Amino acid sequence: MTENIVCHKCQEAITKRMITALGKTWHPEHFLCRHCNEQILDATFNVQSGEPVCNKCFVERYTYTCAGCKKPILEKTICAMGESWHEDCFCCGGACKKPLANQTFYERDGKPYCKQDYEDLFAARCAKCEKPITDSAVLAMNVKWHRDCFRCNKCENPITSQTFTIDGDKPVCPACNC
């Protein structure tokens, strides 16, 4: 004697075509999305709470929208800056455009930046060498300087004292000012 195969939805015997998924069997017309109750005809479907979910309902109910491309995220999600991103969309907003997943980044005006591009674009610039200042700076003559760049215009030694003079818009150490 053969045991009858029963439909998970209607509990009636299945005698012709059937769908087997999630450890259960269904009449094809009873393999329905748990949300919209439409028949799932696609070969691929999603699962929520052990029940099938059509692709449309899955995207609408269970996915985030990428802050970069504005499309649904169906794979790994990067959560950063209060937003969700595709891994490939979470990239430096500067010139390099390199991926920033699992990297230190800096945020400015809602965009992520790698350290180098952030410094190149936004860091204060040294009055002498014009390169970004990324650590402590000397503030003198209403501009910022790298500690090593703040040097006497005559002897080129670093100015380390609190006092100095200005000669032609250039700093001069107390020893050379005599």
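Biologist: How much space lies in the largest pocket?

Modeller: First, the ground rules: this is a predicted model, where local features need pLDDT of at least 70, side-chain atom pairs count only at pLDDT 80 or more, and totals for chains, interfaces and linings use all residues. Residues are numbered from 1 along each chain as its sequence is written, and side-chain values use heavy atoms, with hydrogens and water left out. A pocket is an open set of points on a 1 Å grid over the protein atoms alone, where a 1.4 Å probe fits, with protein on both sides within 12 Å along at least five of seven lines; lining residues have an atom within 4 Å of a point. Volume is the space filled by probe spheres set on the points, which are joined across faces, edges and corners, and for the largest pocket that comes to about 230 Å³.

Biologist: How many charged residues line the second largest pocket?

Modeller: That pocket has a volume of about 180 Å³. Its lining includes Lys-128, Arg-151, Glu-156 and Asp-169. By class there are 5 nonpolar, 1 polar and, for charged, 5.

Biologist: How many residues are in the largest nonpolar core?

Modeller: A nonpolar core is a set of buried Ala, Val, Leu, Ile, Met, Phe, Trp, Tyr and Cys residues joined through side-chain atoms within 4.5 Å. Buried means under 20% relative accessible area, exposed over 50%, partly exposed in between (1.4 Å probe, protein chains only). Trp-85, Phe-90 and Ile-73 are among the members, and the count is 12.

Biologist: Is Lys-76 buried or partly exposed?

Modeller: Lys-76 sits in the loop between β6 (72–73) and β7 (77–80); strands are DSSP runs (E, at least two residues), numbered from the N terminus. Beyond four places in sequence, Lys-76 touches Trp-85, His-86, Glu-87 and Asn-102, a contact being heavy atoms within 4.5 Å. At 44% relative accessibility, Lys-76 is partly exposed.

Biologist: Which cysteine has the sulfur closest to that of Cys-7?

Modeller: The structure holds 0 disulfides, a disulfide being a pair of cysteine sulfur atoms within 2.5 Å. Cys-7 is buried at 0% relative accessible area. Its closest cysteine sulfur is 3.8 Å away, too far for a bond, and belongs to Cys-10.

Terms used
Nonpolar A, V, L, I, M, F, W, Y, C, P; charged D, E, K, R; others polar. Helix = DSSP H or I, 4+ residues; strand = E, 2+ residues; numbered from the N terminus.
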